[in-house]
Every structure is written in C-alpha cells, then in structure tokens.
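Hello,

Here is the structure I promised to pass on to you. Please open it beside this email, and my notes on what turned up follow below.

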Amino acid sequence: MAGRVDLDGNPIKPMTICMIGAGGFIGSHLCEKLMSETEHKVLAVDVYSDKIKHLLEPASLPWAGRIQFHRLNIKNDSRLEGLIKMADLTINLAAICTPADYNTRPLDTIYSNFIDALPVVKYCSENGKRLIHFSTCEVYGKTIGSFLPKDSQLRQDPAYYVLKEDTSPCIFGSIEKQRWSYACAKQLIERLIYAEGAENGLEFTIVRPFNWIGPRMDFIPGIDGPSEGVPRVLACFSNNLLRREPLKLVDGGQSQRTFVYIKDAIEAVHLMIENPARANGQIFNVGNPNNEVTVRQLAEMMTEVYAKVSGEPPLEAATIDVSSKEFYGEGYDDSDKRIPDMTIINKQLGWNPKTSLWDLLDSTLTYQHRTYAEAIRKAISKPVAS
Ligand SMILES: NC(=O)c1ccc[n+]([C@@H]2O[C@H](COP(=O)([O-])OP(=O)(O)OC[C@H]3O[C@@H](n4cnc5c(N)ncnc54)[C@H](O)[C@@H]3O)[C@@H](O)[C@H]2O)c1
Ligand SMILES: O=C(O)[C@H]1O[C@H](OP(=O)(O)OP(=O)(O)OC[C@H]2O[C@@H](n3ccc(=O)[nH]c3=O)[C@H](O)[C@@H]2O)[C@H](O)[C@@H](O)[C@@H]1O
C-alpha cells in the first residue's frame, strides 16, 4: 500500500472521506475497496449498516479505526455538516433508486433525490470541500432513435442512441408518466451542482452509473426485504430462480441494458477519488458498452448460469410475460436502450470495464445461491399459518 502514486505519478496522501449511503450496494463495495487497498479513512453515513457489518466488526480487523459508522438520516440530522467539515471529500450515494418506487412513491423519490441532497451540496460548497455525487444514466431518458419510425435505417446509427455526457439531450416522458420523477430530480441536482461549480467554485465530480450489478444488490423479497417489495431486475430474477418460479418479463422484455460488474465500476470510482485534478468538473458515464442485452436475453442467460451454479435443471417455461401496469402500476415508462459513450472516462482516467456479462453473472449468481438458497428452502417448506 505504501508508496502508491496517482495517474500523474504524484504520491497519494491518505484522506478522510464522508460517504453518505455507505451502507447500500455501491457503498458497501466502495468501503471494501478503500479498506483493503488504501489508507484512507471513511466516515460511513447511512440508516442501515447490514451490508458493511463485516467491515465494522470485530475490532481486530486490519482497518479497524479507519472506518466509523454514523447511523443518521440526512433528511433531518444536524450532525451532517460536522461530518462533511471533518472530511476532505464527500461522496453522496444516498437515494431512493428502485424503479418500483418512482411511480408509486413519486414524492419520496423527488425528496430523496433532490431536496435531501441539497444540504450536502450546500455544506460542501460553503466549506470548500470536494464532492463526488452519484447521479444516474436515467438522466438521458429515452434515446433519440426511439422516436424514429420503427423501420428507419437511422435507428442503426450510433449517433441516434449512444449516450454522451456533453452532447446527448435528456428525454423524459410526460408528467403523468411518474417513472421520470427520479430522472428529473437527478437531472436538477446535477444542474445545481454544475452551477455551484461555475458560480461558487465547488470542486465536483458527477457519476452516471449504467446498471452496475453484483453481490449485495438490493434484497430478496421475504428473506432480507419486504415480501411485497420489488427490487431491481437482478434481484427480481434471482428471487424467481431461487424459488423456481418463471422470470417475469415486463412488456415482453424488449428494453435493452448494458450491465457492468460492480467490481469494475468501483475501480473507476477509486480512480476519481485519487485523481482530483483529472476528475474535478467532470461528469462521467460508468458502464460497459460491450455487455448489451435485451431484458429477455438477460433472463435467458441468468437461467442458464443459475442452472450451472445450482446444479438444478431450469424450468421448462423459464419466463412469463407481464404488462408494466400489472407489474409496476400506473405511470410506469421505460428507457429503451442505454449504451454509454466511454470517451471522457477513457481520456481522463484511462478506465475500461473488463468483465463479460457471462462472467459477472456467474460470480453474482454463485453468491446469490450460497447466500439465499437455504433460507428460501426453509421459507418455502414452512407451513402457511391458517
Ligand atoms: N446500482 C446502480 O447501478 C445505480 C445506477 C444508477 C444510479 N445509481 C445511484 O447510485 C447511488 C447508490 O445506489 P445503490 O445501488 O448503492 O443503492 P442502495 O439503495 O443500495 O444504496 C443507497 C443507500 O443510501 C441510504 N440512504 C437513502 N436515503 C438516506 C437518508 N436520507 N439518510 C441516510 N442514508 C440514506 C440507503 O439506506 C442505502 O443504504 C444512488 O444515488 C443511485 O441513484 C446506482
Ligand atoms: O441501474 C441503473 O443504471 C439505473 O437504472 C435502474 O433502472 P432500470 O434499469 O430500468 O431498472 P431495473 O429494475 O434494473 O430494470 C431493468 C429492466 O428490466 C425490466 N424488469 C425488471 C424486473 C423484472 O422482474 N422484470 C423485468 O422485465 C424493467 O422493466 C426494465 O426494463 C434504476 O433506475 C436505478 O437503479 C439506476 O438509476
């Protein structure tokens, strides 16, 4: 660890990082990385700590003393400013970010992604502290190509679908399509941060993750989350596979996504943390343009990989179609296609994703099987109370 240098050959000085949302999926992987590979200190802020418990206890862990958990809700806790002042850098990951909430809890979604982030931006700006803020690829909304006639040749032209930080527009649906409450709130906080940079000199980096997936993402309904809860697609499909139910394809599973392995993506964040001169003032797409599939293809691949890791043959009818209204309720809408342009992150940080979709599903589903199969077996065999 000693003698590490940044991309320009300068020694990296240990820093204190205030990480808000550290107990979530991305936060837990980022804390792991910072504890095992750096000398930085983390003030880990969240309302939950289950996903980082293994980093906090026992006191004999090699990084004990470098990570401190602060259980607080940033909506209403006066300790927040003090923590930001104690740190050199703040990373804000806190958000409601599951699509099932966007159209059913639009107020909570907007408050969480815009209003609750305001004090974080303000305290960083007023105290001259650097901020890395987590936005989303959803700020791009739908592709330009999706508005062209179905048979238009232009749909094949990357100019109509590849998403670029500095030139692509943000295209959302109408207001009654409440799906876009999340993307719109994220867009406005991006604009506010950008304006704080321009007018008040805030040193910021904005991250737009493109479907990062891996172990510890969301929850398995009825096991470590509510039975009726609807997590993101990786956890929905994992839950179906673990319970030997068909995977539900929303509106035929035609939407396309690019998935990146969480461990590859965390490398990119690590580079941003330690190369402020190259990361400040930038908005970065972080995704894997080579891992594109339709949701239907994702379901088929997950079914095949899960059969391999569990040793159980797949169901004969592995998938079932369901309408978005039935699955998500009124006001759902979808991004058609999400391919990140990698020019900026490549130029500034030299980062490239490495892991193929098959390999990342193999390691992730091995984890899901090891972590949940037994608990699911017990839950299923329990007699239902009459
Ligand atoms: N996972 C992805 O692929 C992805 C994609 C796009 C954007 N993002 C963004 O990245 C960030 C992190 O995503 P994630 O996948 O780790 O989500 P997550 O839900 O696993 O983590 C978010 C964490 O923030 C905490 N939190 C929320 N509100 C809080 C509050 N008021 N006070 C304190 N803690 C609070 C939650 O308890 C949770 O632990 C979010 O801003 C999300 O919008 C993630
Ligand atoms: O991860 C990201 O980069 C961003 O995208 C996600 O949005 P989305 O990709 O639409 O969310 P998922 O729940 O992962 O759904 C992906 C696709 O699978 C479909 N789906 C989901 C669940 C399911 O059981 N079946 C199914 O067909 C959805 O309709 C959607 O088309 C979330 O908004 C955020 O976590 C984040 O901002």
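**The two ligands**

In this predicted model, an oxygen atom of ligand 2 sits 2.6 Å from an N or O atom in the side chain of Y182. Backbone atoms take part as well: a backbone N or O atom of V233 is 3.1 Å from an oxygen atom of ligand 2, and a polar backbone atom of V250 is 2.9 Å from an oxygen atom of ligand 2. If you want to look around the site, ligand 2 is surrounded by 26 residues, and the closest of them are Y102, T136, E138, N211 and D334.

Ligand 1 has 25 residues around it, with F25, D46, N73, Y182 and W212 as the closest.

For ligand 1, the side chain of D46 places an N or O atom 2.7 Å from an oxygen atom of the ligand. W212 uses its backbone instead, with an N or O atom 2.8 Å from an oxygen atom of ligand 1. A nitrogen atom of ligand 1 is involved too, lying 3.0 Å from a backbone N or O atom of I74.

**How the helices pack**

Two packed helices are described by the angle between their axes and the distance between the axes.

On the α8 side the contact involves L234, S238, N239 and L242, and on the α14 side L361, T364, L365, Q368, H369, Y372, A373 and I376. Sorted by class, these residues are seven nonpolar, five polar and no charged.

From α11, the residues L298, M301, M302, E304, V305, Y306, K308, V309 and S310 meet L357, W358, L361, D362, L365, T366 and H369 of α14. This contact has 10 nonpolar, three polar and three charged residues. Within α14, L361, L365 and H369 are listed in the contact with α8 and also in the contact with α11.

The remaining pair is helix α3 (residues 79-86) and helix α6 (residues 118-126), which pack at about 45° with their axes 10 Å apart. That makes α3 oblique to α6, and their crossing is right-handed. L80, E81 and I84 of α3 make the contact with V120, Y123, C124 and E126 of α6. Those residues divide into five nonpolar, no polar and two charged.

**Backbone details to look at**

Most residues other than glycine have a negative phi, and most peptide bonds are trans. With that in mind, which peptide bond is cis? The bond from E57 to P58 is, with omega near -5°, and P58 lies in the loop between α2 (53-56) and β3 (67-71).

R216 also deserves a look: R216 is not a glycine, yet has a positive phi of about 70°. You will find R216 in the loop between β8 (212-213) and α8 (233-242).

**One more residue**

V162 belongs to strand β6 (residues 162-163). Apart from neighbours within four places in sequence, V162 is in contact with S168, I339, P340 and D341. The C-alpha atom of V162 is separated by 45 Å from that of K378, with the two residues 216 apart along the chain.

Enjoy browsing, and write back with any questions.

Best wishes

Methods: Residues are numbered from 1 along each chain as its sequence is written. Chains are lettered from A and ligands numbered from 1 in the order in which they are written. This is a predicted model: local features need pLDDT of at least 70, side-chain atom pairs count only at pLDDT 80 or more; totals for chains, interfaces and linings use all residues. Side-chain values use heavy atoms; hydrogens and water are left out. Axes are lines fitted to C-alpha atoms, for helices over the stretch in contact, and angles run from 0 to 180 degrees between N-to-C directions. Helices (H or I, at least four residues) and strands (E, at least two) are DSSP runs, numbered from the N terminus. Angles under 35 degrees count as roughly parallel, over 145 as roughly antiparallel, 65 to 115 as roughly perpendicular and the rest as oblique. A crossing is left-handed if the near helix is turned anticlockwise from the far one by less than a right angle, and right-handed if clockwise. Contact means heavy atoms within 4.5 Å. Ala, Val, Leu, Ile, Met, Phe, Trp, Tyr, Cys and Pro count as nonpolar, Asp, Glu, Lys and Arg as charged, and the others, Gly among them, as polar. A residue is near a molecule or strand if one of its heavy atoms lies within 4 Å of it. A polar contact is a pair of N or O atoms within 3.5 Å; within protein, one must be able to donate a hydrogen and the other to accept it, and residues adjacent in sequence count only if both atoms are side-chain atoms.
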